[in-house]
Amino acid sequence: MAADSNNTIQANFPLYEARALVRDLMTPDPGIYWSDFLFHIMLGWAAFATVFYMPWFSIWQILSCWVAIFAFYRAAIFIHELAHLERGTFRVFRLVWNLTCGIPFMIPSFTYDGVHYDHHKPTIYGTSEDGEYLPFATQHPAGLVGYVLLSLILPLLLVVRFLLLTPISYLIPPLRKIVWERASSLTINPAYIRREDAVRNDHNWQLQELATFLFAVTVVVSVILGKLSWQVLVLWYVVAVAIFILNSLRTLAAHAYRHQGDYHLTLVEQYLDSINVPGNSMTGLWAPVGLRYHATHHLFMSMPYHNLGKAQRRITQKFGDNKLILQTNRSGLWPALKQIWQESTAAAAKKK
């Protein structure tokens, strides 16, 4: 049954034609990466600092806080690009990203490196080995709520991981393996176990881990000694929670999450289980760095983010009447979330 369905989908989807259409869009532009990231990371830190110079709870302070949240969010999402860039490239960019964004927010690039690349493999996507997939649409809607609410404590868990578990695991060697397998990956699947070789670029991950630990120690000691206000920690936590909530909502709108891992999906089926939200310029606030074109990204995973919109427009213009392509589109974040909520609610009702 699955094989017949797969053959029909493959026959009706213009995969080779689509690849030919976008062949010239596969090369990343370093200038775009650097200018985009540096602008937003500097804007984020400037807005973060500005918060402390504004009257408390004034409109300007609240505005500065939101600017910091969205600027940092866009800067942080570049971790997704780092996970896809060709091995050995953008080394300085990776270093700068880690020093100015990844390490300060306890998400050094090794936490996504290799892990996310596996998510795209046909033999892993949607299976129990996929750390970035859960069949939310076939489960109780409480799972959706729980996933978003986890964002409220996720920054604390990251602090525990790098500030406490890092040194303790070196004192207790058997704990190192557990920390690597269970507490070193940005995933949504709580059962995910990271493989020992799940690294593509960040073979210096232990240095990243050490740097994150030292950063956390420096901040905590500075607060204890009165060199840094405790309010900095509170703002960091508020900003981090807001970023994780935004990203959790975006993640829920990134896939249909209907696959239960009973068979391996082809590349085309991955595309059809993923979502595009072309939207408008505001869409880039909650789905930055090309992630509003998540289905197109799964079709061409090595395509740089700045070309995904162009690729999607070409495909739509050429194959705009293809129902398989049209079914991946959603009109916005809330329609995408509404659909998965309705499917999850229906699935829960059937199980009663």
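## Basis of the description

Because the model is predicted, local features need pLDDT of at least 70 and side-chain atom pairs count only at pLDDT 80 or more, while totals for chains, interfaces and linings use all residues. Residues are numbered from 1 along each chain as its sequence is written, and side-chain values use heavy atoms, with hydrogens and water left out.

## Annotated spans

An unreviewed UniProt entry places the feature "domain: Fatty acid desaturase" at residues 58–324; UniProt positions are given in the numbering used here, feature names are shortened, and annotations may be inferred rather than shown by experiment. Over residues 58–324 the chain is 58% helix and 0% strand, with the end C-alpha atoms 49 Å apart, where helices (H or I, at least four residues) and strands (E, at least two) are DSSP runs numbered from the N terminus.

The UniProt annotation "transmembrane region", also from an unreviewed entry, covers residues 33–53, 59–80, 92–112, 144–172, 210–228 and 234–253. Residues 33–53 are 86% helix and 0% strand, and their end C-alpha atoms are 31 Å apart; for residues 144–172 the content is 83% helix and 0% strand, and the end C-alpha atoms lie 36 Å apart.

## Helix packing

The axes of α3 and α6 are 11 Å apart and meet at an angle of about 10°; axes are lines fitted to C-alpha atoms, for helices over the stretch in contact, and angles run from 0 to 180 degrees between N-to-C directions. The two helices, α3 and α6, are therefore roughly parallel, a term for angles under 35 degrees, whereas those over 145 count as roughly antiparallel, 65 to 115 as roughly perpendicular and the rest as oblique. Contact means heavy atoms within 4.5 Å, and here Tyr33, Trp34, Phe37, Leu38, Ile41 and Trp45 of α3 meet Val92, Phe93, Val96, Trp97, Thr100 and Cys101 of α6. By class, the contact of α3 with α6 has 11 nonpolar, one polar and no charged residues; Ala, Val, Leu, Ile, Met, Phe, Trp, Tyr, Cys and Pro count as nonpolar, Asp, Glu, Lys and Arg as charged, and the others, Gly among them, as polar.

Helix α8 (residues 142–149) and helix α12 (residues 230–252) have axes that come within 8 Å and cross at roughly 150°, which makes α8 roughly antiparallel to α12. In this contact, Leu144, Tyr147 and Val148 of α8 meet Ile245, Ser248, Leu249, Thr251 and Leu252 of α12, and the residues divide into six nonpolar, two polar and no charged.

## Aromatic pairs

Rings of Phe, Tyr and Trp (its six-membered ring) pair if their centres lie within 6.5 Å, with planes under 30 degrees apart counted as stacked, over 60 as edge-to-face and the rest as tilted; by this rule the count comes to 30 aromatic pairs. The rings of Phe37 and Phe78 have centres 5.8 Å apart and planes at 75°, so this pair is edge-to-face. The pair links distant parts of the chain, with Phe37 in helix α3 (residues 30–50) and Phe78 in helix α5 (residues 78–84), 41 residues apart.

Both Phe37 and Phe78 are buried, that is, under 20% relative accessible area, where exposed means over 50% and partly exposed in between (1.4 Å probe, protein chains only). One aromatic cluster is formed by Trp45, Phe48, Phe52, Trp56, Phe57, Phe72, Phe105, Trp236 and Tyr237.

## Two loop residues

Ser109, in the loop between α6 (91–102) and α7 (115–119), counts as buried at 2% relative accessibility. Leaving aside residues up to four places away in sequence, Ser109 touches Ile79, Leu82, Arg94, Trp97, Asn98, Asp202 and Gln208.

Val199 lies in the loop between α10 (173–182) and α11 (205–224) and is buried, with a relative accessible area of 15%. With residues up to four places away in sequence again not counted, Val199 touches Asp113, Gly114, Trp180 and Arg194.
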